[in-house]
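Please read it beside the structure shown here.

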Amino acid sequence: GVQTCALPISFAANSLLCRLALAEGLIDAGSFTLVRLISGAITLIALLVVRGQWKTDRPTSRFRFFAGVALFGYAALFSFAYLQLATGTGALLLFGAVQLTLLAIYWWQGERFQFLEIIGIGLSIVGFVWLMLPSATRQLQPLASC
């Protein structure tokens, strides 16, 4: 429903806002990442406190560590990447990374994929490679002529 539509729109808006924040050179990527993570943590804590879930919705230590490392890696790498990547490429990589992360967590939690899910994942990977292959080939052509 609404959440299914809101999620990709939110990710796209996030990409555009990050690019705008870094485009003018008013803040460096490292400082931007720090501000982004601290403000996100404060917002999440405030939401949990307001909803009365501060003590009830705490994940396990192992998951918290993994999630923290993954979030830091995402935020830091994409903050620096926004300075170099085209908007479409960045969005494609971001969506793909999020989907692969969700699938990995699903599998890590002991769930197993059904046959049609495996087909869908395979088709997605083939589509991604097919979409990216022409640009990879174009980038390598000038190197081959040297």
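Y106 is partly exposed, with a relative accessible area of 30%; the class partly exposed sits between buried (under 20% relative accessible area) and exposed (over 50%), using a 1.4 Å probe and protein chains only. The residue is part of helix α4. Once residues up to four places away in sequence are set aside, Y106 touches E111, R112, F113 and E117, where contact means heavy atoms within 4.5 Å.

This is a predicted model, in which local features need pLDDT of at least 70 and side-chain atom pairs count only at pLDDT 80 or more, while totals for chains, interfaces and linings use all residues. Residues are numbered from 1 along each chain as its sequence is written, and side-chain values use heavy atoms, with hydrogens and water left out.

T33 belongs to helix α2, residues 29–50. T33 is buried, its relative accessible area being 4%. Apart from neighbours within four places in sequence, T33 is in contact with A75, A76 and S79.

| Residue | Helix | Relative accessible area |
|---|---|---|
| Y106 | α4 | 30% |
| T33 | α2 | 4% |

Next comes the second largest pocket. On a 1 Å grid over the protein atoms alone, a pocket is an open set of points where a 1.4 Å probe fits, with protein on both sides within 12 Å along at least five of seven lines; lining residues have an atom within 4 Å of a point. The second largest pocket has a volume of about 370 Å³, volume being the space filled by probe spheres set on the points, which are joined across faces, edges and corners. Its lining has 15 residues, and those closest to the pocket centre are G96, Q99, L100, S124 and F128. Helices α4 (87–108) and α5 (115–144) each supply at least two lining residues, and α4 gives the most, with eight. By class, the lining has 10 nonpolar, five polar and no charged residues; nonpolar covers Ala, Val, Leu, Ile, Met, Phe, Trp, Tyr, Cys and Pro, charged covers Asp, Glu, Lys and Arg, and the others, Gly among them, are polar.

For the chain as a whole, there are five helices and zero strands, counted as DSSP runs from the N terminus (helices H or I, at least four residues; strands E, at least two). Of the 146 residues, 14% are buried. Among contacts between residues at least 6 apart in sequence, 64% join residues at least 24 apart. The chain exposes about 11,100 Å², of which carbon and sulfur atoms supply 73%; the areas come from the Shrake-Rupley method with a 1.4 Å probe.
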